[in-house]
Protein chains: 2
Amino acid sequence: MSKGAKDTVTISLDAMGGDNAPVNEVAGAVETVRNNENINITLTGKARLIEGELKKFSYDSSRINVFNAEEIITMDESPADAIRKKLDSSLVQGIKLCRSGNADGFISAGNTGAVMAASLFTLGRIANVSRPTIGSRFPTEKGITVVLDVGANVDCKPAHLLQFAVMGSVFANHIYNISNPTVGLLSVGEEKSKGDAVTVEAHGLLQKSGLNFIGNVEGRDIMKGDTHVIVCDGFTGNIVLKFAESVLSLLKSKFKDYADKSIFNKFKVGMAYGTLKNILKDFDYQEYGGVPLLGVNGVSIIGHGRSSPKAIMNMAIRAEQMVRAGINDIIAEKIKDINQFITKSE
Amino acid sequence: MSKGAKDTVTISLDAMGGDNAPVNEVAGAVETVRNNENINITLTGKARLIEGELKKFSYDSSRINVFNAEEIITMDESPADAIRKKLDSSLVQGIKLCRSGNADGFISAGNTGAVMAASLFTLGRIANVSRPTIGSRFPTEKGITVVLDVGANVDCKPAHLLQFAVMGSVFANHIYNISNPTVGLLSVGEEKSKGDAVTVEAHGLLQKSGLNFIGNVEGRDIMKGDTHVIVCDGFTGNIVLKFAESVLSLLKSKFKDYADKSIFNKFKVGMAYGTLKNILKDFDYQEYGGVPLLGVNGVSIIGHGRSSPKAIMNMAIRAEQMVRAGINDIIAEKIKDINQFITKSE
């Protein structure tokens, strides 16, 4: 499955997915091929609309293809219904291009649940993976922290958390080049005995997993950046992720309220704003290239509905990295190892 | 249990609890009696140490008492062990003063788990309350939001979440003067069907509860301030609370990194810092007067280990409000009503 550094990687891009589709998707595709000589893009969606947008740019037309798909899955549709009924949607067709080998990876800024469901249904799971998971990078004081699961699995068993830890470690190792990444278990206290029933049991599994497990970490540790991979159930992870994303909006609103109080405040905020913006760009999820769905038999990345063209490009680059690293083969190997290890030691 | 506006309320204060005890506790006690003519304080702890600190201030000595207690429960002790073995600790003795009627409420910046355990053990639960809960106020774009549970109960049943909603509503109504407070259920999507098994079932209970239930809210909604009371299990709530508390430290660290890059940056950050500090004071948990333990048969409030004298005073004021409002009688009434309602409608 992996490709050499010079082979061209083709990424299928759901052109109708995001809030501003297909405008940002088309601009993102153009930005991608302009800046990455070994990534080609296939845009899936309403061909006439897409081609209308493409006309606004000059680019190497041999590197962006359009694959017509007439249907659109909207943000508020039920994922299960949508992927069953809308087989000719840009989302489903984009993933099918991966299965048929016409694309190497898929990216979408569309309905998260639908991307998960269609990826799982169309591509299947990697052997021995019980539950595919979504990992998200968090802004930290230093270094890289990937939290998973952030929403694919709301009710988890201890063994699921163990598998998330394996997949997150492979991702941190092969995508962020962190050797022997540290793994923490998100809980409510550092001691092994702290946590809900699932967490306490998962702690035991992680201890004998052979991963670089450093024990429980707390909510306050996520942004410290001392732990490379933090595992939790998708209920907790999703709530923390969405909370984190809202911090930027709260700060902006607070700055605005303060500025509105007086001309002098307005001046001070004006002085501060550039600085703040610069500092807060770590909170800007556009930079991170979307969240990967790990554990499916293919490369599938989900971005924010409001992804900018740059965010789209970053998602394409992330997908390319995952393809070149052959990340799924490595996950398959590690999951096999750990399943044997856990079974043996029990 | 409630007191008139002119009666004096006596608060017992664990003088050995916080990271800087008894210095901040004693200063907080003095600040309290200076600024609040109807609150008296009884400091519990090593009398010699406390009296040594008290000598540094001039204050009305009839309004601050010292109750000697020789033992200290430290932050890292196991709560269960500590409260069993250290019966003559400042923490346990402070709560006992409430049970014996020598104090009307108790506050501590000490070991959270020990305060919870000792309060529950010594004061008991309000009739029909299954699980006492800790509620915390979050900073929001506007208005007041109380999230509960934030750590007292890691594994919850749907009926527990319902009781948290009742206690949170009473608190929001009688302490923050919000009539008919809105109640949200923290989950991973707005639809009733979204969430883990416990949340989905709790949704059904809340719908027929007679509370002002507005449905599921997500992580991003916590700081919007549109919902007065948000309920969740203590595992999720604790992780989100500690994450939120770490935001301030991340921002400070980011500002410092940026300033360290150049003299010009340093100047810009210098200009911005006052503004930022002003704006971020909403993230400063010192202002909020600690977190109340709701559902125990008495008033017990827990503060941060690093509580300042001002934070201690705010805790004493909050305890006084809870005593004057007779909040536990109201909780007892509402919990009885809701238990009957739920039983009837099933």
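Modeller: In chain B, helix α1 (residues 23–35) and helix α10 (residues 309–325) pack with their axes 7 Å apart and at an angle of about 55 degrees. The model is a predicted one, in which local features need pLDDT of at least 70, side-chain atom pairs count only at pLDDT 80 or more, and totals for chains, interfaces and linings use all residues. Residues are numbered from 1 along each chain as its sequence is written, while chains are lettered from A and ligands numbered from 1 in the order in which they are written.

Colleague: What are the axes and the helices here, and why are α1(B) and α10(B) called oblique to each other?

Modeller: Axes are lines fitted to C-alpha atoms, for helices over the stretch in contact, and angles run from 0 to 180 degrees between N-to-C directions. The helices (H or I, at least four residues) and strands (E, at least two) are DSSP runs, numbered from the N terminus. Angles under 35 degrees count as roughly parallel, over 145 as roughly antiparallel, 65 to 115 as roughly perpendicular and the rest as oblique. The angle for α1(B) and α10(B) is about 55 degrees, and these two helices are therefore oblique to each other.

Colleague: Which hand does the crossing of α1(B) and α10(B) have, and which residues make the contact?

Modeller: The crossing of α1(B) and α10(B) is right-handed; by convention a crossing is left-handed if the near helix is turned anticlockwise from the far one by less than a right angle, and right-handed if clockwise. On the α1(B) side the contact is made by Asn24(B), Glu25(B), Ala27(B), Gly28(B), Glu31(B), Thr32(B) and Asn35(B), and on the α10(B) side by Pro309(B), Lys310(B), Ile312(B), Met313(B) and Ala316(B). Two residues are in contact if their C-beta atoms, placed from the backbone, lie within 7 Å.

Colleague: How does the contact of α1(B) with α10(B) divide by class?

Modeller: It has 5 nonpolar, 4 polar and 3 charged residues, where Ala, Val, Leu, Ile, Met, Phe, Trp, Tyr, Cys and Pro count as nonpolar, Asp, Glu, Lys and Arg as charged, and the others, Gly among them, as polar.

Colleague: What makes α6(A) oblique to α7(A), and which classes of residue does their contact hold?

Modeller: Helix α6 (residues 158–174) and helix α7 (residues 197–207) of chain A pack at an angle of about 50 degrees, with their axes 8 Å apart, and are therefore oblique to each other. Their crossing is right-handed. Among the residues that make the contact are Leu161(A) and Leu162(A) of α6(A) and Leu205(A) and Leu206(A) of α7(A), and the residues of this contact divide into 9 nonpolar, no polar and 1 charged.

Colleague: Why is chain A called as compact as a globular protein of its length?

Modeller: The radius of gyration is taken over C-alpha atoms, and the globule rule is 2.2 Å times the number of residues to the power 0.38. For chain A the radius is 21 Å, close to the 20 Å that the rule gives for 346 residues, so chain A is as compact as a globular protein of that length. Along its principal axes the C-alpha trace of chain A spans about 60 × 60 × 40 Å, and the chain has 11 helices and 11 strands.

Colleague: How do you know whether Met16(A) is buried or exposed?

Modeller: A residue is buried if 20 or more other C-beta atoms lie within 10 Å of its own, exposed if 12 or fewer, and partly exposed in between, with C-beta atoms placed from the backbone. Met16(A) has 27 other C-beta atoms within 10 Å and is buried, although its place is in the loop between β1 (9–14) and α1 of chain A. Leaving aside residues up to four places away in sequence, Met16(A) touches Ala21(A), Pro22(A), Gly45(A), Lys46(A), Ile72(A) and Ser90(A).

Colleague: What makes Asn180(A) exposed, and what is noted about its phi?

Modeller: Asn180(A) has 11 C-beta neighbours inside 10 Å and therefore counts as exposed. Its phi is positive, about 50 degrees, although Asn180(A) is not a glycine, and this residue lies in the loop between α6 and β7 (182–186) of chain A.

Colleague: How many residues do the two chains bring together, and which element of chain B gives the most?

Modeller: In chain B 39 residues are in contact with 39 residues of chain A. On the chain B side, α8(B) gives the most, with 16 residues.
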